[in-house]
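Subject: Two-chain model, handover and notes

Hello,

The structure you asked about is below. My notes on it follow, chain by chain, with the interface at the end.

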Amino acid sequence: MDSQLPDERLCSLNDRMLCRETQFRQLAALLCPYQPNPSTILVHGVEATGKSRLVKAVVEAIGTPFAIIRSQECITQRHLLERAIANTKEALERQDDDTYIDAIDGRCESISAFVVELQRLLGGRGRFILVFDGIDHQRDAAPTLLPAIARLGEIMPNLAIILVVTSLQPHLLHKPGITHIHFHPYTRAETLTILSDSPLSIYGPRRSPQSDDSQDAVNDEDSAWLWARFTAAVWDSLGQSVARDVVSFREVCSRLWGPFIQPILDGHYGAREFSKLLVKNRGLFQSETALVDSIVPITPTAPNVKASKSSHTLPYYPAHLLVASYLASHNPPKHDITLFSKSSLSKRRKRGGGTALTPHRASKHRKISRKLLGPQPFPLERLFAIFHAILPHTYSSGGADVICQLATLVGLRLIVKSGGAGDILEWNTKWRVNVGWEFVRDVARGVAFDVESYIIE
Amino acid sequence: MAEHEACYVFTPDDSIGQAPRPSKRRKTARATKPNTQLEVLPFVPLLRGVETPGCTKARADSFEAAWRPKEALIDKSIHDANLDTVREVASFIRGNSAPESSRKIRTGLLVAGPDNGASIDLFDSIVESVNEDERAILINLSSGQCPNLKTVLKYMSQHATSRPLGADEDTANDGGKYARQLNYDLQILYDHVQNHAISKVIVSFQDSEAFEGKLLAELIDVFSSWNDRIPFVVLFSVATSVGLFQGKLSRATIRHLEGAEFKVERVSIEEIFKTISSKESTLWLGAGLSNLILQRQKDHIQSPYALSQTLKYAYMTHFFANPLSITLNDDPTHVPLQEVHYEAVRNLPSFRSHVQRLIEERDYDTVRDLLDDDENLSELMMNKLKSTRKALEELVLAVEALYRTQSSPTCKKSIAWSEMYVQAMSGELFQSTLFEEILNSVKKLPSDIMHDLLHDLAGIFHHEGLEKVIIDLDKLTSSLDDPEVPLRSQYDVHHETLRTTVIAQKVSLGKNTSTLSAQDAAYTKIVDRTFSELQKKFRWALINPQNLFLNEALIYDSKSPHREVFTPRPRFAIERALSSPHDYLGCECCGGAESGLSDTQPATAILYQLCLESGSVINTADLWSAFWTIVGTEGSKDEEVERERVLALFSRALAELKYMGMIKNSMKKADHLVKLSWRGL
C-alpha cells in the first residue's frame, strides 16, 4: 500500500496526524490518483476524533481539486447546496486560472437542480473531491438529501464524495457497498500522546526572547515531564469516566493545571516532585468542579467551599406572584382549601398527611413524590387566588400592576405557558412555574414569607 | 347589514344609483396649513376656556422650563451610574482573549436586574466606548424580533451592513465574488467585516431570558463555526441571575462561550427622588403623591425609567390642569394674569385661611382690598409667592440637614431621605419621635464628630446662631492639651456608669454620671447651645407646607391622575360594571336597587350576578329559571312570545359571558356550566 502513496508529502503528513495512521492510510489509498475513483466514502466516528482535520489534510495533500462544505455553517438545505456549488466553482477556478465559469449563477433550490448544476460544472473535467463535513447534522434537511448525495458518484464518474458524519445509523444512505472508514475514540495512551504534543508550561509563556536559552530549555523539559504525569493522573481520576474526548479532556486539564502547579510557583515544591504535588492537590482530583462548564470560568478549588449566594432582587409583589405560581404548580388543587383558606387557619395542617388516628391504608398505586413529577400546569385564576391568599394583607384586586408584573415574570421565563398552541388570552391557557425550589425559597426569604409551610409533601 | 344576519337582500338606494359618479379626490390645491394654534399649544385653555392662548402657552412653557433641567439631571445620574460598567465591559471587549481559548466566543454577562429598559442605552454607550479605539459594530437582538434562526441571521446581516430591508423572503444578494448569497448567509457579514476592517462584531441580547433556549443554542453554534473568521463578542443582558440563565443553555452551548460577568450598577430610586426634589425646584411634590410613587416603586417595579416617567407625568399634570401654575413662571416678560385667575386665587383654601387670619387681626380694610382690587391681590401674590417658595426651599434644606445629622454614629434609627421628605411635606416631621431621637443623638456626640457635623450643617443652611457655636467650639478645642482626645458632654454614654446595689436582697440598678472635667463641662454647654439652636432652626423651617399661602400652585399633590394612569384596574372595572351596572350607566331605573337584581339591568349583568351567587358548577336550567323570574313579566298576554324574548336575552347574555371567559360548558356534566373566573382576584 505504501507504494501507492504519491510522494513524501503524505508521509510527512502522517507524522503530524497523531495516532490516526490506519485511517490515514486507508483514505490516502482510496483517494490516490493512480487508483480508480471511489464514488463515495463515509467517514464516521464520535466527536473530537480528528475526522475533519484528517480528511482536510489528506485532500489537500493529494492534489486533486476539492471543496469542503461545513454543514454547521449552512442554515438550510438550499444554503448547503448553493454553498457547495459556489465552493466547487471557486476551487475549479483556483486550479486553472484561465477558465472562468460564468454561465452558472449558483441558484439551486433542490437536489435535482444541484445535480444539474454540478454536472455542468464538472462535465469533461478531471477528478474532483467534494467533502460534506457533518452532514448528518444539517439543519432543515430533506430525508432524501443524504441518499441523493451518496449517489452523485454514480452519475458523475469523475466526482468523489466524502461524507463526514458523527453517528452512524442503519439505512443512512440507502446504498450498500460504500467504503466506511471508522475513527474510533482515542484510547488512554493515544489521548495522552496527543496531549503531550502540546504541553502547558509551568512558568507561563516566555517573558522575553533574550532570556537565557538554556534555562528555557530546562523549564520546557520540566514542564513536559510534569505535564505528561499530570495528564495521566487527570485521565485516571476524571477523564476516563466523564471527559473521554480529547477536546473536553484537554479543557479539564488546562483548568486544573493552574491550581496544580501553584505550589511550584509559590516555591514550596520543585518541578519534578510530582507525587508530593499530587498528594498536596488531591482535592482537585476528587472534586468535580473542573467538569462543570460555565461561561464565567470557575477556578477549581478543593471541595467544601460554598459558592456565594446570588441575590434575587424581585420587588415585593412580583416575589409573591412567583411564590404563588410555585405553590400552584407543586400543590394539587384539592388541597387548596386546607392550605389557603383564611377562615380555617387552625384546621390547616402543615405537612399534609393524617393524624395518628387516621388509619393508614396502603395505597393501590405507588405514589410518586410531587417534587419528582415536576411543575404541574395551573390556570391563571388559581394563581391569582393563591396570590391573594398568601399576601399577609388585603390587596386591591384587579389592578393592572399585577397583570403587568405577571407579564414581566413570563417575559423573564420564570413562569411559562404550558402546552404548545393557543393564544395566551384564551381561557384554557395554563401556566407553570419554570424555576426550582432553591430559587423560590430564596425569593420567599427575601420577602420574609414562610413558603415551607404551604407545601404538601 | 347587521352582524347577526348571515345574508340579506340588497336594496340599492335610489339616490345613490342616480347620483353622478363622485369626482375623484385629487390633491389639487396645496393643503391648508393645520391650525397653528393647535400645533403650538399642547395644553388646552382652562377656567372654562376663558384663559387666553397667551396664558395657556405660558403654562406650557413653564412646564418645559421646570421639567427639562430635572430630566437632564435624572439622565445624568443614570448615565453616571452606568459609567463604570461601561468602562469595564468596553475594556473586556477590547482585551485579547487568551490564545488557548481562542476558539471560544467571548461573552459578557451583564446582570442588570429585572428592569431591562436601560439595556439598549447601556449597549450603545458600550459600543461608543469601544469605538474610540477600534472599529466595532453592534447588533442588538431582542426576543420579539427573533422567532427563528433564519430571521435572526438575516436581521444581523442587514443590520450590520445597513442594507435596505429586502422585501423578498429569501432573495439572494450578488455580494460575493463568485456566488450569489442567501440573505441569511453570514458570508455577507464576513465580507462586510473584511471590507471595512471591523475588529469586533458585538451581538447583544437585550432580554436573554426571553429567548428560546433552542434558538440560542443554534445561534451560538453558528457563531462558533464562524468565530475563526468573524470576531464575535456576545453580550447577554441577564435579568435574574447568571446561574439561572446558564441553566437554560445546554453544556455543548456553554462550551462555546467563555467570558466574564458584570454587575450593572443601578441608580437607586432614592437618589433620583432626591435629585428631583432637592435641587432648584419650581414645583414640589406633595406628601401623599410622593408616598404613593415611592411605595409603588418599592412594591411593584423598580425602575429609574419608570420613576422618571411618573415624575414627568406629575409635573405635566400640574401645569396642564392647574391654571395657577402660570404664576410659577419666573420669566420677567410673563403674560399678565386675567381676571379669572384672581377670582381663582380668591377661591383657594390658602387664600381663605389668609383672610381668616386678617379678620382675626381685625384688619378688615386689607381684606376688602384683597377681595375687590386685583392689583392689590397681585401685589400680595408677588410677595407671598417668593416667601412661600423660600419657605419650601428651607424645608427641603432642613430635611437635608436632618438627614445629615441622622448619619452620625450616635443615632440608631435611620430612615431614607424620601421618607423624611414625605413626613416633612405632610408637616409631621417636627413633632415626630424620629425628629426628637435624631436631635437627642446630637447631644451625645463627642467634639470631633460634632465639629464635622456642624460644619456640614453650616454648609447646608445659613444660620447665625450655629456659626457662633462653631466659633466657640473651635476656641475650646484649640485650647485643649491633647487634641487627639475628643471632648465628651455629660449626655455621652461614656460618662454614665451602671451601679448595682444590693439592698435588702434586692438588686437595684442605678445610673451614675461621673464628674465632668472643666473642659467637658464647657463642651456640654456648647452642646446644649447647639441643641437649642438646631431646635430653633428646625422649628422655624419644618412648617406645615399646607399652611403656606398659594401652596396650591407650588405643591402638586393629587393622587387620582397618577392612580388612573399608572395603576388602572381593568379587571375590577369589568367586574364592577357587571355586578353593579348602575355605577357606570347612571340610569334612573336601577338607581334605587342598590344591591339587588332588577329587570331593568342589562341581561349580562343579571346573569353575571346570578353566576356569582352559585357554586363552581351551575345547572343551566336553574340559571334560566332564575333569570326568568327576574326578567320575565308574569301574566303578560302572550307568554309564549315573552318567553322567546327572554330566552333570546338569556342566550345572548350567556354567550357574552362565555366570550369574556367567565363560564364554559362543563365536560363532565351535561347541561351544566363551569365558572372560570372569580370575583375579586
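In chain A, of the contacts between residues at least 6 apart in sequence, 73% join residues at least 24 apart. Please keep in mind that this is a predicted model. Chain A has 457 residues, and buried residues make up 32% of them. Its secondary structure consists of 18 helices and eight strands.

Strand β1(A) covers residues 40–44, and four of its five residues are buried, so the strand is largely enclosed by the rest of the structure. β1(A) runs parallel to β4(A), residues 159–165, and five bridges join the two. On that side, Leu42(A) is found opposite Leu163(A) of β4(A). β1(A) also pairs with β5(A), residues 179–182, again in the parallel sense, over four bridges. There the bridge partner of Ile41(A) is Thr179(A).

Chain A, the antiparallel sheet

Three strands of chain A form an open sheet in the order β6-β8-β7, with antiparallel pairing. The edge strands are β6(A), residues 378–379, and β7(A), residues 415–418, each of which pairs on one side only. Between β7(A) and β8(A), the latter spanning residues 430–433, there are four bridges in the antiparallel sense. Within this pair, Val416(A) stands opposite Arg432(A) of β8(A). Helix α13(A), residues 316–330, packs on the sheet and touches β6, β7 and β8 of chain A. The direction of α13(A) makes about 105 degrees with that of β8(A).

Chain B, overall

Chain B has 681 residues, of which 33% are buried. Its secondary structure comes to 28 helices and 14 strands. Of the contacts in chain B with a separation of 6 or more, 74% are between residues 24 or more positions apart.

Chain B, the parallel sheet

Five strands of chain B make an open sheet with parallel pairing, in the order β2-β5-β6-β1-β7. β2(B), residues 136–141, and β7(B) are at the edges with a single partner strand each, so one side of each has no neighbour in the sheet. On average, neighbouring strands of this sheet are turned by 20 degrees against each other, direction ignored. The pairing of β1(B) with β7(B) is parallel and runs over seven bridges. In that pairing, Leu110(B) sits opposite Phe262(B) of β7(B). Helix α4(B), residues 119–131, lies across β2(B), β5(B) (200–205) and β6(B) (232–238), and runs at about 170 degrees to β2(B).

Chain B, helices α26 and α28

How do the axes of α26(B) and α28(B) cross, and at roughly what angle? The axes of α26(B), residues 603–613, and α28(B), residues 639–659, come within 8 Å and cross at roughly 70 degrees. An angle of 65 to 115 degrees counts as roughly perpendicular, which is why α26(B) is described as roughly perpendicular to α28(B). The crossing is right-handed. On the α26(B) side the contact is made by Ala603(B), Thr604(B), Leu607(B) and Tyr608(B). On the α28(B) side it involves Leu649(B), Phe650(B), Arg652(B), Ala653(B), Leu654(B), Glu656(B) and Leu657(B). By type, the residues of this contact are eight nonpolar, one polar and two charged.

Chain B, Arg368

Arg368(B) is located in helix α15(B), residues 364–372. Is Arg368(B) buried or exposed? A residue counts as exposed if 12 or fewer other C-beta atoms lie within 10 Å of its own; Arg368(B) has 12, so it is exposed. Between Arg368(B) and Val355(B) there are 9.6 Å, C-alpha to C-alpha, at a sequence separation of 13 residues.

The interface

The two chains touch through 55 residues of chain B and 43 residues of chain A. On the chain B side, the elements that give two or more residues are β1 (105–111), α5 (149–161), α7 (213–226), α8 (242–248), α9 (251–256), β7 (257–263), α11 (287–299) and α24 (570–579) of chain B. The largest share, five residues, comes from β7(B). The residues on this side of chain B are 24 nonpolar, 14 polar and 17 charged.

Regards

Conventions:
Residues are numbered from 1 along each chain as its sequence is written. Chains are lettered from A and ligands numbered from 1 in the order in which they are written. This is a predicted model: local features need pLDDT of at least 70, side-chain atom pairs count only at pLDDT 80 or more; totals for chains, interfaces and linings use all residues. Two residues are in contact if their C-beta atoms, placed from the backbone, lie within 7 Å. Ala, Val, Leu, Ile, Met, Phe, Trp, Tyr, Cys and Pro count as nonpolar, Asp, Glu, Lys and Arg as charged, and the others, Gly among them, as polar. Two strands pair if DSSP finds at least two bridges between them. Axes are lines fitted to C-alpha atoms, for helices over the stretch in contact, and angles run from 0 to 180 degrees between N-to-C directions. Angles under 35 degrees count as roughly parallel, over 145 as roughly antiparallel, 65 to 115 as roughly perpendicular and the rest as oblique. A crossing is left-handed if the near helix is turned anticlockwise from the far one by less than a right angle, and right-handed if clockwise. A residue is buried if 20 or more other C-beta atoms lie within 10 Å of its own, exposed if 12 or fewer, and partly exposed in between; C-beta atoms are placed from the backbone.
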